[in-house]
Amino acid sequence: MKDQYGRKIEYMRVSVTDRCNLRCIYCMPETGICCVSHEEILRFDEIERVCRIAAGLGISRIKLTGGEPLVRRGLPSLLGMLKKIPGIEQVTLTTNGILLKEHMAELAANGLDAVNISIDTLDEEKYRRVTRGGDLRRALEGLEAALACPGLRVKINCVPLADADPSDWISLAELAEKRSVDVRFIEMMPVGLGRQFAGTERGQIIDTLEGKFGAARIYRGERPGNGPAEYLTFPGFAGKIGFISAMTHKFCSTCNRIRLTPEGYLKACLQYDTGADLRKMLRGGSTDEELRSVMEKVIYEKPACHHFEEQGREEEEDSHIEKKEMARIGG
Ligand code: SF4
Ligand code: SF4
C-alpha cells in the first residue's frame, strides 16, 4: 500500500532478537546489556501472523535481522514459514556471518533468497577490535558457505569508521573484484551508540577505490536489493560496489520500508518511535481485521523523513525521537 506521501511500502525488516554474539563498538556496550526477555519476544507463530497480514497490505519482501538473527534458535524454520505466505516474494537475511556456515544448508533448504554479511575489515586484529572479540575467520567461512549456495545473492556490508584505514576498503573491494559478491559501504547513523562515532564520506572511499581500480561507472541496471543502495561498477569486477548514505545522500523520499521489533512493535521509521504495539494486540485476542487496520494506519502515517542532521534541537522538541539502540530496532 502507499503511505500518506505516496510512497509504496513493500518491505518489512523483522528483527527476531536484540541479542548478538558480537559487541561491535558502534552498536552495543561491552557489558551491561539489558536484553529483552524471552516472554517479551514474539514467538514464530506471532511473527508469521504479522507477516501474513502485512502481505495482505502489500509487503512482498521481508528481511530477517537482529541483533544477530542466527542466535535465535530455529531461525531457518521461521524462514520456511514466511516463505509459504502468499504474496511474500522474498525473504532475506542480514547476519554477522559467525554462525552462517553451520546454518547455511538449512537456510538454503528453506528458500533463503539473499544474505547480507557484515564485515567491516579483512584485518583479523582490527576485526577483533571493532567487534570486541569476533573471529574474522568464522565470518569468512560463513561468506564462503553462502557463496557456495547456487542462486543465493550475497552482499557484504561494511560500516567505514572515520579512523578506518583506506587499505581496508581496497581489500574489501577486492572481494567484489574476484567473487560474485556486492560490497556495500554503509554510512554511520546517529542512532544509539552510533552517535559517538563519525563515519567516512563516500567520496573519500570512491577516490581511494578509483585510485586503485580505475574509473568507476554508475550502475544503472536492475536494482539488486530492497533498499536505497547506489551502485558503482569497476573495470573487470565480478560484483558491484554499493553505497548506502542515509545522512549525506538522504533517500527518505523513496523509502519503502517498515520495521517489526523483537517485542512486536511495528515501527514506521528508523528515527521515530511512532508505531503500534502489535504484541499487545496479538496476545490480547485481537482479530486479523483489527491488526490489519492498526498496521494500515501505521503505514499510512509513516513520517516523511528523518531529521538526524538536526538532532540536538529535535530531541528537545520531539518526544517521539527513537532512543533505543540499533540492535533493538533491527538496523
Ligand atoms: S553491529 Fe551487528 S554484529 Fe555488531 S554487535 Fe550490532 S548486531 Fe551484532
Ligand atoms: S529515516 Fe525513516 S523515512 Fe528515512 S529512509 Fe529511514 S525509515 Fe525511511
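## Lining of the largest pocket

Two helices, α4 (124–131) and α6 (166–178), each contribute at least two residues to the lining of the largest pocket in this predicted model. Helices here are DSSP runs of H or I with at least four residues, strands are E runs of at least two, and both are numbered from the N terminus. Helix α4 gives the largest share of the lining, three residues.

In total 16 residues line the largest pocket, and Lys126, Val130, Leu161, Asp163 and Ala164 lie nearest its centre. The space in this pocket is about 250 Å³. On a 1 Å grid over the protein atoms alone, a pocket is an open set of points where a 1.4 Å probe fits, with protein on both sides within 12 Å along at least five of seven lines; lining residues have an atom within 4 Å of a point. Grid points are joined across faces, edges and corners, and the volume is the space filled by probe spheres set on the points. By class, the lining has nine nonpolar, one polar and six charged residues. Ala, Val, Leu, Ile, Met, Phe, Trp, Tyr, Cys and Pro count as nonpolar, Asp, Glu, Lys and Arg as charged, and the others, Gly among them, as polar.

## Ser167

Ser167 is part of helix α6. Its relative accessibility of 37% makes Ser167 partly exposed, a class between buried (under 20% relative accessible area) and exposed (over 50%), with a 1.4 Å probe and protein chains only.

## Surroundings of the two ligands

Around ligand 2 are Arg7, Phe251, Cys252, Cys255, Arg259, Cys269, Leu270, Lys302 and His306. Five residues of that shell are nonpolar, one is polar and three are charged.

## Asn96

With a relative accessible area of 7%, Asn96 is buried. Beyond its neighbours within four places in sequence, Asn96 is in contact (heavy atoms within 4.5 Å) with residues including Cys20, Leu22, Glu68 and Tyr127. The side chain of Asn96 also reaches the backbone nitrogen of Ile98 at 3.0 Å.

## Basis of the values

Residues are numbered from 1 along each chain as its sequence is written, while chains are lettered from A and ligands numbered from 1 in the order in which they are written. Local features need pLDDT of at least 70, side-chain atom pairs count only at pLDDT 80 or more, totals for chains, interfaces and linings use all residues, and side-chain values use heavy atoms, with hydrogens and water left out.

Methods. A polar contact is a pair of N or O atoms within 3.5 Å; within protein, one must be able to donate a hydrogen and the other to accept it, and residues adjacent in sequence count only if both atoms are side-chain atoms. A residue is near a molecule or strand if one of its heavy atoms lies within 4 Å of it.
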